[in-house]
Each structure stands twice: as structure tokens, then as C-alpha cells.
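Trainee: I'd like to learn how to read a model like this one, feature by feature. Can we walk through it together?

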Amino acid sequence: MVGNLAFLLSLIRMTFRSATMQRGAMLIRAIFSITTHLIYIPIWLVIFSVAPDIQGWRIEHALFAYGLSICCWGIVSLFAFGLRTIPEQIDHGELDAYLTLPKPVLLSAAISSSRNTGLGEVLFGLGLLIFCGLHFGVSLVLLPLFLIMGSVVFASGILFFATIGFWLKQFYASAEEIYFNFNLMASRPAPIFSGVIKILALTLIPVSLMTHIPVQFVFEHHWKVLIFAVLGVVGYAVLAVSFFHLGLKHYESGNRFGVRG
Amino acid sequence: MLGFAFWPAGLYRSNMSVSVFVESLNKSFKVRKKEGFLKSLFRPEYQAVRALDGISFSLNEGERVAFVGPNGAGKSTTIKILSGILHPESGHVEIGGFVPWSERRQMAYQIGTVFGQRSQLWYHLPAKDTFELLSYAYDMDRGDYIKRAKYLVEAFDAGSIVEKPVRQLSLGERMRCEIIASLLHRPKILFLDEPTVGLDVVSKGIIRDLVKQASDEDGTTVLLTSHDTGDMERVCDRVIVIDHGRIVTDKPVRDLRSGFIKEKIVTLAMKESSIELSMGGVNIVEKSPHHLQLLVDTSQTSVEFLLQHAMQKSSLIDITVEDPPMEEIIKAIYANGAV
């Protein structure tokens, strides 16, 4: 356990060192990332000026959900961008090297790269959350918990869908579409989801656990719902990791690639 | 399902001199049949392609063995099963006393791997950073890691190389760093899959010498796959030739020449401009004034008889008797199936 932790910290250090090799590019990407997300703010303002209350959700709910979603997305991009590239790593046989190490394969695969837009996303997200705290008086006491929950849901969701790459070749592009929609759903107000989509948002793509329920808690303080969300997050993470290991078994069978050497 | 149930775990653990033990190893891959788009989408059919067909061998501690064979022979599949990457269909394997597919993590401390076509080094960072990461992966003591890294960097004459980002290194320099990375944790067994692929002659020589030197110094067992017979000759004591998933031959490298090849290349330099030597089993390879190169089938004519005959007919200045190149020997082994 201690060895795994030391390896994890060393991996994170390496990932950051690698990502910051070109500091200029990192800074520019962070600035552009912030700018891109700032563009959405006027859109939210226009929408809520036309419809100030969408089934109980007002502008502060939407901005808090948006800030939470973008910040968690950025955390995953900064610390575990490797999760998003798992289909590519599978296609290129890059997991081979991790399989020969005495450490968990998932750890190496997930933290093998970092995306520098993540810095901009984290800064923007945090800025928006703090703005909600200052301007709308939203309590930020449980913000660290919400950020952990959101990041775990994003990471698990990405891992879950990336794992399909063990069975489907060249799944990278399709996986990116899924991650994008995951992010999109997480940053939209809960009331716009109904029927099947609402069920999906609580199960296969559990964006409700990462933004909708925390937002509801911040404004309504339903502890039971929050505990349900925390348990849901843990369950979803276990499901995603188990699914990955199932895929890894398929990789170890070698059948995905046909005959090799 | 793995068919190794009848093998008691750790069967060869008590035999300390055996580093690698492989018995009746089988592996098939399921390959999708090529059919129409819709059929393969909704009702795909598979066929099993046998990659390994009951191979058995063992390596003693400190032994250096080449695993050679044509493309698709099963070399990489074997090395991947032995290093814990692929799982076999049946058979028994022990690497340093551990079964690779069920005790992968424990076994990982015992082995080092180098895949010539795949890098374990971080592309944008200096190789020394990867070494540091690997020291954590193998739970090395800090002081021990620093000492070991310093020793290897000096031994591999890689002081300036390890400071540069990997993307700036030549293939030969990168391979030197790959081997340092694989030796950091003092593995007892080193698996090298095509370590000299794509390298120039000088770099190949350096890599071969370094692998041999490292093995000599630490007593590391080496299993090396290669298409290049030079790797086999310069590094290994023994060669296992594999084809169609079966072991075709398993011999010391020196016996491969003497035991298999029935031909010699005889080169003569003489005072006379040319001589006539016509006898059964002797063919001219190259002929120029004062120079004659012959391929002699020793099962028909002995080299001694040929030379006696040549000395009667001319004044020889120089005589060279050589074996055919190792490539020819290996090709002949593939062609004949078994030795």
C-alpha cells in the first residue's frame, strides 16, 4: 500500500513534469480554455433572464453546477488524462509495459499523461464556484467533498466507456464523443432531464451524482440524498474498475489482436 | 481455461539453478473470419490459430539464450507469456519460481523487459526521470537506487545521454537507456524482444556487448528474441529455434554450426592465376585471378582432401576455411523442419 502510494505520487510528479516541459504552451492553452468557458456565461444569463426559474433551478443553481462540472473535468484532465487515452493505449499495445511492472496497471495507464487545458478548467471552475459563494451566498463548506465526488464520477465514467476499447478497435474517437456528452450533461440543469435520460443520469452516465444532487444539497440540505449520492459514486467507481479488469483479461488473452509474433 | 491444474504450484521453486521453466505451453488466438460486412457485424465467426504448440524448455541461472524464428513463429507470444503480459491456454511456466499469470506482481520484481519496438521511457523527459519512477515501481531503497543508477549509467557510458529528453536521443542511445531502465532493480531474468531492431551496425555491437557484460557481472539470465543472428552469436550461449509454434532445435550456439552444417566455405589465394578443381560436392562461389572461393559439401568431399588436391596443383599463398553465415544455418533449419 505504501509502495503504491509512493509510486502514485512519483507518477503524478512525472506527469506534471512532462506536461510543464513547454510552459508557454501550457499557459496559452489555459488562457484559451478559460476564455472558451467564459463565453458560456452570457448564454446562461440570457437563458435565465428569459426563464428565471426552470422547475426550481435559477441562475445560481446553473452556475454552481457548471463550475462544479468544469472544475472536476479539469481535475481529471490534469491528474488522470491517461484514462481518456486508454482506447489508444490498448490499440497501440502500451499496456504491455505496465503489465510487466509490479504495480496496478490502471494506476500507470490513468496517470500516464496530463492535459494542460485542465489547468484553465480548474481555475475557471473554482473561480465560478467562489463567485457563487460570494455573490449568491452559497455555502462552500462541502465543496471539497463535491469536487472529489465529481472527479471520481468523471474518472469512473471515462474509464467505463474507455474500457469498451478492449473489445472494439479504434474506439478512441467514439470514446471522446461520449466523454464530451458526459461533460455536457453534467453541466446542464437537472430539470431538463426526464424519462429515460433521467434514469441514465442516475445510472450509466451518473451526472446527477456529481452535479445535480450536490447542487440540490447546497440549496435544500437533503442529507439522505447526499449520502445516496456518495454511495452511488463509490458503487459506480467499483463498477468501472471491475469492468476495466474484465477488459484487461481480454487483453491478456491476446485475442483482441489476433495472432502476434 | 488454463490446463495446468496437474502442476503443483512452485514445482521448480526448490530447484534454484532453474530460472525459467516452460512445459507443454500452448496458446491459440481467436481470429475473426473475414466475411461480408453485415455478417461479420451481427454473426461473426472465429477460427482458432495456434501460436504455440506444446513448447517446453528451461533456462539455468545466468544462461543466455536466443529465441529465434521467422515472423509469426511464436517468439513474441512466448516472451509475452513468460513476462506476464499474455495468458496461455495450457501448460506450466515458472519464472524465478513464480507463475507469470497468477503471480504476475511478485514475478515482476524478478524480471526486466526490453521491447525493441516499444519504449518504456517518457518521451518528453530525460531518461533519468523514468529511472526514478521505476525505482518507485520496484520499491527500491533510495540510497540503493542512487548507487545502482550511477553504476549502470557509468557502465553504459550514458552520462550525457540520460540528461537529454528521450525525444532527442538516437535509436541506439534510447536503447541503451531502455536497457539501463530494465536492469535498475537487479532482475534475475532479462527478457529482450528484438533489442537491436532498426539499429545501425555500431549501435548493435554496443547493445550486444552491454547486455553480455551486464549478464556476466550480475549473473542475469537472458532470453532474447531476434531476427538478427548476430545478436545470437555475440550474446548467447544457446539457441532455441522456433517455427509454427514448435521448437525446431535447442542447442548450444557452437554446436549449431558443427552439428548441422555440412558445408564449408574454402577461400584459396595462389601464385597461379587460376586452377582447375573439379570434384563432387565442390562448387565455385567466386573466381578471380589468384583467388578462388569454393563451397564444399563435406558429406561428399572432405576439406582435407580438397586442400591436398589444391596443393598438388598450385602454390597456395593463403587458405581460409569458414562456416557459412549463421543466417544460412538458420534458413536451412527452417527449411528442414528439425535437427
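Trainee: Does I86(A) count as buried or exposed?

Mentor: Ground rules before that: this is a predicted model, where local features need pLDDT of at least 70, side-chain atom pairs count only at pLDDT 80 or more, and totals for chains, interfaces and linings use all residues. Residues are numbered from 1 along each chain as its sequence is written, chains are lettered from A and ligands numbered from 1 in the order in which they are written, and side-chain values use heavy atoms, with hydrogens and water left out. Now, buried means under 20% relative accessible area, exposed over 50%, and partly exposed in between (1.4 Å probe, protein chains only). I86(A) is at 0% relative accessibility, so it counts as buried.

Trainee: Which helix holds I86(A)?

Mentor: Helices (H or I, at least four residues) and strands (E, at least two) are DSSP runs, numbered from the N terminus. I86(A) sits in helix α4 of chain A, and Q89(A) lies in that helix α4, residues 86-91. Q89(A) is buried too, with a relative accessible area of 2%.

Trainee: What lies 3.1 Å from a polar atom of the Q89(A) side chain?

Mentor: The backbone oxygen of A109(A).

Trainee: And which side chain does R238(B) make a polar contact with?

Mentor: A polar contact is a pair of N or O atoms within 3.5 Å; within protein, one must be able to donate a hydrogen and the other to accept it, and residues adjacent in sequence count only if both atoms are side-chain atoms. The partner of R238(B) is the side chain of D250(B), at 2.8 Å. R238(B) is in strand β8 (residues 238-243) of chain B and is buried, at 12% relative accessible area.

Trainee: At what angle do α3(A) and α7(A) pack?

Mentor: Axes are lines fitted to C-alpha atoms, for helices over the stretch in contact, and angles run from 0 to 180 degrees between N-to-C directions. Helix α3 (residues 59-80) and helix α7 (residues 117-136) of chain A pack at about 155 degrees, with axes 7 Å apart. That makes α3(A) roughly antiparallel to α7(A), since angles under 35 degrees count as roughly parallel, over 145 as roughly antiparallel, 65 to 115 as roughly perpendicular and the rest as oblique.

Trainee: How many helices and strands does chain B have?

Mentor: Chain B has 11 helices and 13 strands. Of its 339 residues, 52% are buried.
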